[in-house]
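This short report looks at one residue and then at one interface. Keep the structure open while reading.

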Number of protein chains: 2
Amino acid sequence: MNHFARRMSSLQASEIREILKLTRRPEVISFAGGLPAPELFPSDELRAVADQVLRHEPGLALQYSPTEGDPLLRHALARHMNRRLGCRVSEDEILITTGSQQGLDLTGKVFLDEGDVVLCESPTYIGAIQAFTAYGPRFVEVPTDDEGMLIPELVRLLSSHRRIRLAYVVPDFQNPTGRSWSSSRRMAFMQLMWRHGIPVVEDCPYGQVAFDGPAHRPLKALDRCDQLLFLGTFSKILCPGLRIGWVAGPRHTLERYVLAKQGSDLHTSSLDQRLVARFLERGRLGANLSAICDTYRERRDAMLGALDATMPPGVRWTRPGGGLFVWLELPPGADARDLLLRCLEHDVAFVPGGSFFPNGGHDNTLRLNFSNMPCERIVEGVRRISAVLHESLTELAHGSAAALA
Amino acid sequence: MNHFARRMSSLQASEIREILKLTRRPEVISFAGGLPAPELFPSDELRAVADQVLRHEPGLALQYSPTEGDPLLRHALARHMNRRLGCRVSEDEILITTGSQQGLDLTGKVFLDEGDVVLCESPTYIGAIQAFTAYGPRFVEVPTDDEGMLIPELVRLLSSHRRIRLAYVVPDFQNPTGRSWSSSRRMAFMQLMWRHGIPVVEDCPYGQVAFDGPAHRPLKALDRCDQLLFLGTFSKILCPGLRIGWVAGPRHTLERYVLAKQGSDLHTSSLDQRLVARFLERGRLGANLSAICDTYRERRDAMLGALDATMPPGVRWTRPGGGLFVWLELPPGADARDLLLRCLEHDVAFVPGGSFFPNGGHDNTLRLNFSNMPCERIVEGVRRISAVLHESLTELAHGSAAALA
């Protein structure tokens, strides 16, 4: 039998992906994925752009290209970040990645030795846990509430841990909770990071998917010490299939990312980069984003309405102002994995929340996605979960009563 | 200042990529890159395919897709390997990667702990050295000649090294030497690997770019112990810009690659995978490959003719039956890096061979690429290198004579 590297024993199949396999039957109402709505992909426009690119610049779009990325796209992204996100970055502070998942992997490769500490929110994005785990770090989870990391807890953890190599955060409409950090928490967090000299990785896939007025500026716009790496992606604002993400960060650090990326995949698809660059040139990203926000806002409202109307008492959930997810907390003692198995019998699915905590626990949490189905189906799906949950919680209460008797 | 992972201190900028930056002036005749000829990219056909895909299946081509790869492409590749390469693989033994460079990175991630040994040819592919180096292995170089690894040396090295985790080989028209292994060496090598239970990674980007009759079957077609991982790519037989490669290997091992890839980039571009799958369906890969071989054959002949006609005595070179490269060995004492600096003054460039030896040395070697320019330019470029080399070797001889006097 083959001998595998030690890291492979800690890399587990993503629970979400395994569950998704169970939910492929068309009759299942699945809140489990995190898929954008495909009916909003601007496919006609992309088809026109593909025709243009393959007609006029095939020798460029089909050839090897620089590891750093297509100069046209880097230029467009610097502009985008400066105009729309209030940042100040130049195009040579941008590296194009194969989705922002690669930004996470490169972060692990560049920063992490075995045993190093990554500070993160509790809960945090599962894809980041998976990417970093390959490099053997310990995760220190900072407790959070509706406004972001709890600052006193953060201060305590900063003083009690050595080898903190980076902080990984998703301050806008986070996956899995849908929560956004308040302005004061953002500033307090950054000041602590500056003081301790800890590089910050800001993952911002949802920042522009904002339903109730403009979103916060990213942490990147606050950065004064040039130690912040911003991860962006087109997955949620254009389409995920092209795998175009980017890292914006200080040159000195980005050089390391470029070296790491050379070994990882040489460069990101030349064609896909050029398609996105030419799409941006047409100036249609804003209109596309508005359509996405309008549709997702309705779906979020449908989901929150259905939760309000049907959930049993003792269940709490977030009220996200953007993004793709709502986060539920069941009463203590309830187990979302058990609930999922029962729900699958009623053809409805979600992701148990435990996987979003790198150090485990929190089995009474779960994540619901609302971006990828019509409102009627959302309402019906929530109704089914609520019905199953009513039953489970009644049993749980009786069980507890019986145990006490 | 940021603290980077230890691995970053051994990751160096690829010398080739740095040299390429110096050779972008249009007046430079550069044999340094490894670029396919862009005039042979089937861009009209790909444009038609892109139109078809984005018209009829945009929801699939632009959406997230399975880590394992597009089922249509995996199916087509299993067929391709079985029909054209004499293998026996099924589609679930195929993982699509973001170029075969990612296949190399995943190999490192799956197999290598720090200090593990990788057996490789001497010289070997620089991209593999770079990918594996991120995982901290030692390289044990097996001496080679025109028929492949020297078997007695291999036997000796196998008995004198512990922790050999894998063997990495490029048996067909290797980068950098252009050499191919003989049938008897292939069999002797595989028998030793079976006996020692060492997984083999066969990197085969050039196997089908064969000029003088059909190429050998890949080692994969010989494999009896299900411990071989075959890395394929469309970079040299279609175009490199789409970054579509694949790994064919036993399910048990491929499962680990899938886990590693989830963390690396979730999946390869859905659009690019579907483009290649639909391109293959049209049955035009064979015609495209013939055109590539015809053009490269002429260019190789031009290069070998010019070398024969102009090189000073004492210089030796390979006579590749395929691929993209010719390998030169200068007389002992000559330094290809010095030669390059002089050649750049005459607007001609190549890659010094030292970078292809993971443990250094061999400064008297160099690599010439012949795929990416017309024959006249090849002849003129070789003439210039020869002229500079005549001069250098004369100086070298005088210097040695002076030193002896």
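## Where B:Gln174 sits

B:Gln174 lies in a loop of chain B, between strand E6 (164-169) and helix H8 (183-196). The model is a predicted one.

Is B:Gln174 buried or exposed? Its relative accessibility is 3%, so B:Gln174 counts as buried. The cut-off for buried is under 20%.

## What B:Gln174 touches

The side chain of B:Gln174 makes a polar contact of 2.8 Å with the side chain of B:Thr177.

## The interface of chain B and chain A

Chain A gives 77 residues to the contact, and chain B gives 77 residues. About 6,600 Å² is buried between chain B and chain A. Carbon and sulfur atoms give 56% of that area.

There are 6 salt bridges between chain B and chain A. B:Lys109 forms a salt bridge with A:Asp105, with the closest N and O atoms 2.8 Å apart.

## The chain B side

Which helices of chain B each supply at least two residues to the side that touches chain A? They are H1 (15-22), H2 (43-56), H3 (58-61), H5 (99-111), H6 (126-133), H9 (251-265) and H10 (270-281). H9(B) provides the largest share, 9 residues.

By type, this side of chain B has 33 nonpolar, 27 polar and 17 charged residues.

Conventions:
Residues numbered from 1 in each chain as written. Chains lettered and ligands numbered in written order. Predicted model: local features only at pLDDT ≥ 70, side-chain atom pairs only at ≥ 80, totals over all residues. Heavy atoms only, no water. Helix = DSSP H or I, 4+ residues; strand = E, 2+ residues; numbered from the N terminus. Buried < 20%, exposed > 50% of the residue type's maximum accessible area, 1.4 Å probe, protein only. Polar contact = N/O pair within 3.5 Å; in protein donor to acceptor, adjacent residues only side chain to side chain. Contact = heavy atoms within 4.5 Å. Buried area = accessible area lost by both parts, 1.4 Å probe. Salt bridge = Lys/Arg side-chain N within 4 Å of Asp/Glu carboxyl O. Nonpolar A, V, L, I, M, F, W, Y, C, P; charged D, E, K, R; others polar.
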